[in-house]
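Work through the exercises below with the sequence and the 3D view open. Try each task before reading its solution.

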Amino acid sequence: GDCPLCCEKLSIQDLNFMPCKCKYQICMWCWHDIKDNRNGLCPHCRAPYEDNPHEFKKVDKKDLEAAERQAQKEKKEAKAALQRQAEQEKLEWMRKQ
């Protein structure tokens, strides 16, 4: 899933992080930004964020490594897709010449 505030993909650490009792899930970066630079309130229920998150589960090293491999795979696939698109656009441009 994605963080509803910054729209970045939630990391495995973010998925195991619940900053508020209302269970509104955001990424850790947004939580720190809200706590340190903004009003300090949960965007969903408006309760003040505490210094310690409501829930934070330890991430297993194997799960973290698997998530990193998956992220690398997705990045590689996205790069290949962009390259294919650029090649297709180049071919289309050449055909028009």
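**Exercise 1. Elements**

In what order do the elements of the protein chain run from the N terminus on?

Solution. The model is predicted, so local features need pLDDT of at least 70, side-chain atom pairs count only at pLDDT 80 or more, and totals for chains, interfaces and linings use all residues. Residues are numbered from 1 along each chain as its sequence is written, and side-chain values use heavy atoms, with hydrogens and water left out. Helices are DSSP runs of H or I with at least four residues, strands are runs of E with at least two, and both are numbered from the N terminus. By that rule the protein chain contains 3 helices and 2 strands. Their order is α-β-α-β-α.

**Exercise 2. Overall dimensions**

Compare the radius of gyration of the protein chain with that of a compact globule of 97 residues.

Solution. Start with the rule: the radius is taken over C-alpha atoms, and the globule value is 2.2 Å times the number of residues to the power 0.38. Next, take the extent of the C-alpha trace along its principal axes, which is about 60 × 35 × 20 Å.

Then turn to burial, where buried means under 20% relative accessible area, exposed over 50%, and partly exposed in between (1.4 Å probe, protein chains only). Of the 97 residues, 19% count as buried. The accessible surface, from the Shrake-Rupley method with a 1.4 Å probe, is about 7,700 Å², and carbon and sulfur atoms hold 51% of that.

Last, consider contacts, meaning heavy atoms within 4.5 Å. Among contacts with a separation of 6 or more, 37% join residues 24 or more positions apart.

**Exercise 3. Charges**

How many positive and negative side chains does the protein chain have, and how far apart are the centres of the two sets?

Solution. Count Lys and Arg as positive and Asp and Glu as negative, leaving out His and the chain ends. Place each charge at NZ of Lys, CZ of Arg, CG of Asp or CD of Glu. The count gives 19 positive and 17 negative side chains, with the two centres 4 Å apart.

**Exercise 4. The faces of α2**

Which residues of α2 are buried, and which exposed residues lie on the face turned away from them?

Solution. The buried residues in α2 are C30, W31, D33 and I34. Viewed down the helix axis they fall within an arc of 165 degrees, so they line one face of α2; the arc is that of the directions from the axis to the C-beta atoms. These buried residues pack against β1 (17-18). On the face turned away are the exposed residues W29, D36 and N37.

Take D33 as a check: its relative accessible area is 13%, and therefore it is buried. Its C-alpha atom is separated by 45 Å from that of E92, 59 residues apart along the chain.

**Exercise 5. The surroundings of K35**

Which residues does K35 contact, leaving aside its neighbours within four places in sequence?

Solution. First locate K35, which is in helix α2 (residues 28-37). At 23% relative accessibility K35 is partly exposed. Its contacts are G40, Y49, E50 and D51. For D51, 16 residues apart from K35 along the chain, the C-alpha separation is 8.2 Å.

**Exercise 6. Positive phi**

What is the phi of K23, and what is the phi of R46?

Solution. Most residues other than glycine have a negative phi. K23, not a glycine, has a positive phi near 70 degrees. K23 lies in the loop between β1 and α2 and is partly exposed, with a relative accessible area of 45%. R46 also has a positive phi, about 70 degrees, without being a glycine. R46 is in the loop between α2 and β2 (55-56), and at 45% relative accessible area R46 is partly exposed.
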